[in-house]
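Q: Could you take me through a structure of this kind, giving the general idea behind each feature before the case at hand?

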Amino acid sequence: MEKQIAIVGAGVSGLLAYFPWPSSVTDLFPNQHQVLDYLQSYAHHFDLLKHIKFNTKVVGIEYEGASYEEIESWSLWNGNGQPFSSQGKWKVVVEDIQKQSTEVHQADFVVLCVGRFSDVPHFPEFPPDRGPGAFHGKVIHSMDYANMDNEVAANLVKGKRVTVVGFQKSAMDIAMECTAANDSQNFCFINPEEGFLLNLLATMLSPLRWVFAKFVESHIKKKLQLGKYGMVPKHSFLQDISSCLISMVPEKFYDRVEEGSIVLKKSQSFSFCEKGILVDGETTPLKADLVILATGFRGDKKLKDIFVSQTFQDYIAGSPNEKLPLYREMIHPQIPQLAVIGFSESLSNLLVSEMGSRWLAELLHGTFKLPSKKEMDMDTKEWDKCIKQYSGPYYRRSCLAVQQIWYNDQLCKDMGWNPKRKKGFFTELFQPYGPMDYVSSSRGKPIEP
Ligand SMILES: Cc1cc2nc3c(=O)[nH]c(=O)nc-3n(C[C@H](O)[C@H](O)[C@H](O)COP(=O)(O)OP(=O)(O)OC[C@H]3O[C@@H](n4cnc5c(N)ncnc54)[C@H](O)[C@@H]3O)c2cc1C
Ligand SMILES: NC(=O)c1ccc[n+]([C@@H]2O[C@H](COP(=O)([O-])OP(=O)(O)OC[C@H]3O[C@@H](n4cnc5c(N)ncnc54)[C@H](OP(=O)(O)O)[C@@H]3O)[C@@H](O)[C@H]2O)c1
């Protein structure tokens with residue numbers, strides 16, 4: 001019988017399966033227009049647009065079937081280890097944003113692809129009277145800035161003293177855009193808490209990982225003159241790369257630092273005052289007209305809030321002392337007929353979603369069954385330990401980075417694919433793995449560009 005599958009979210013995680021880039025795109029990092037073209041051609045190729053409901057928001061999902069007690073008593077996910085069950089369905093409440101009307105749909109399976117870095121910004125907390133309200137200028141989040149048209153964004157920062165808080169990719173990109181919109185009289189500050197500016201992605205699954213990481217670390221420290229700008233972090237390059245805390249430095253970023261258009265300031269904490277930002281331990285404020293908080297997102301909150309049931313909310317949130325408790329980063333053993341894609345990040349988020357989408361398609365197709373809930377829990381705990389070992393305090397980011405190949409291997413084995421994807425012994429040992437290594441599959445032929 002035909003099954004209804006509701007996919008919430010139409011970002012890359014909601015769309016991807018293997019689809020080649022056009023031969024005209026040769027850049028290692030395609031720009032936003034190329035990515036948009038790619039996604040549009042993807043949607044056209046698979047005739048997906050008819051399945052997508054734009055301008056709608058899923059305001060809640062509710063499981064209708066077995067009680068929580070019954071679900072807990074099952075030794076297998078869904079009671080049968082299979083993705084579907086005749087006993088239960090999801091009620092999906094969808095709001096049409098334009099018509100402001102609500103519809104209710106039923107689904108046999110729900111895939112949550114709601115995005116980790118969108119919609120719900122993370123705002124730092126401040127002591128009373130020392131938050132944005134104390135500041136006489138304007139405060140926005142990087143998400144608001146990114147949502148603006150280029151011209152509106154350029155006008156917003158033009159002629160202003162801008163402080164950008166954060167030291168990851170959003171912060172660096174925005175700081176560069178501030179300098180582009182301004183002359184060198186107008187300073188942009190980055191006010192990082194602990195970040196480490198690094199510009200090299202490298203394969204870390206080598207036995208010489210530690211030595212190599214130390215070599216890269218000292219090279220970057222020297223090349224970017226981190227010592228000169230007081231930006232040497234407490235943690236190592238290996239921990240940064242393992243926590244997905246590395247970013248490509250925008251071109252000429254350090255030229256702008258050298259000329260003084262960007263001033264870097266490292267601090268453990270900060271607060272607002274009338275004239276700008278007060279950095280921990282300093283008495284003179286960093287004067288600003290505009291503060292942009294590039295302080296990240298609360299994808300975990302978005303994921304949790306989509307469930308109507310408090311019990312499922314608690315399940316999906318897990319414990320603050322653990323990474324999100326998802327088996328293979330996708331399935332919660334206590335939440336039936338549902339998967340999450342796109343929550344775990346890596347050095348290439350696209351590849352994680354890609355692999356996850358293929359694994360889930362095979363699971364839904366019945367190619368394999370999941371192990372018992374107990375085994376899934378044990379496996380998730382093992383992953384949690386491993387992620388903590390590499391990511392340290394950043395374990396809640398669920399960053400796969402250095403475990404990506406190992407993770408891909410697990411998915412391959414589940415799907416019945418050979419995890420050794422290279423053709424020769426030496427290439428298997430020494431050549432980095434990439435998306436093209438996973439092109440061939442048990443399902444369908446590779447797609448022609
Ligand atoms: C400024 C910026 C630039 C980035 N650039 C890169 C990059 O170059 N490379 C990279 O790998 N990553 C980049 N990222 C990270 C990026 O977010 C992810 O790689 C990618 O977008 C993840 O895709 P996704 O489908 O999981 O989530 P998203 O792209 O966030 O898509 C999720 C979609 O679900 C929708 N949605 C959420 N909740 C609901 C709901 N309740 N009902 C209906 N729809 C809902 C959202 O509106 C959104 O359209 C960037 C992030 C930011 C903020
Ligand atoms: N062009 C691109 O490719 C591009 C552009 C933008 C974003 N992205 C991607 O999008 C994702 C999100 O990036 P992001 O930069 O928006 O968020 P992010 O990676 O979560 O970084 C948030 C930053 O804010 C800091 N921060 C958080 N709370 C703070 C506080 N209370 N006080 C001071 N600083 C605080 C963090 O510091 P700590 O690390 O010390 O906590 C970190 O530097 C990443 O995967 C990124 O690669 C990509």
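Q: Does D129 count as buried or exposed, going by its C-beta neighbours inside 10 Å?

A: A residue is called buried if 20 or more other C-beta atoms lie within 10 Å of its own, exposed if 12 or fewer, and partly exposed in between, with the C-beta atoms placed from the backbone. D129 counts as exposed, because it has 10 C-beta neighbours inside 10 Å. D129 lies in the loop between β5 (109-112) and β6 (138-141), where helices (H or I, at least four residues) and strands (E, at least two) are DSSP runs numbered from the N terminus. This is a predicted model, in which local features need pLDDT of at least 70, side-chain atom pairs count only at pLDDT 80 or more, and totals for chains, interfaces and linings use all residues. Residues are numbered from 1 along each chain as its sequence is written, while chains are lettered from A and ligands numbered from 1 in the order in which they are written.

Q: What should I look for in the phi angles?

A: Most residues other than glycine have a negative phi. The phi of D129 is near 70 degrees, a positive value in a residue other than glycine, and N78 likewise has a positive phi, near 65 degrees. N78 is found in the loop between α3 (68-73) and β3, and it counts as buried because 24 other C-beta atoms lie within 10 Å.

Q: How many bridges join β2 to β3, and in which sense do these strands run?

A: Two strands pair if DSSP finds at least two bridges between them. Strand β2 (residues 56-64) and strand β3 (residues 89-96) run antiparallel and are joined by eight bridges, with G60 standing opposite V93 in β3. On to the next pairing: β3 and strand β4 (residues 101-107) are antiparallel over seven bridges, and V92 has H105 in β4 as its bridge partner. The hairpin of β3 and β4 has four residues between the strands, and there Q100 takes a positive phi near 55 degrees.

Q: Where is confidence lowest in the protein, and where is it highest?

A: The predictor's confidence in each residue is its pLDDT, which runs from 0 to 100. Where pLDDT is low, the predicted coordinates should not be read in detail. The protein has a mean pLDDT of 86, with 91% of its residues at 70 or more. Confidence is lowest in strand β8 (residues 188-191), at a mean of 55, and highest in strand β14 (residues 338-340), at 98.

Q: Which residues come nearest to each ligand?

A: A residue is near a molecule if its C-beta atom, placed from the backbone, lies within 6 Å of it. Of the 22 residues around ligand 1, G9, G11, S13, G115 and G342 come nearest, and the elements giving two or more residues to this shell are α1 (12-15), β2 and α12 (349-365). Around ligand 2 there are 21 residues, of which P124, G166, Q168, S170 and G296 come nearest, and helix α6 (residues 169-181) gives the most to that shell, with four residues.

Q: How far apart are the centres of domain 1 and domain 2?

A: Domain bounds come from an automatic or database domain assignment, which here gives domain 1 (5-117 + 299-446) and domain 2 (132-288). Their centres, taken over C-alpha atoms, are separated by 31 Å. The contact, counted where C-beta atoms placed from the backbone lie within 7 Å, takes 13 residues from domain 1 and eleven residues from domain 2.

Methods
Two residues are in contact if their C-beta atoms, placed from the backbone, lie within 7 Å.
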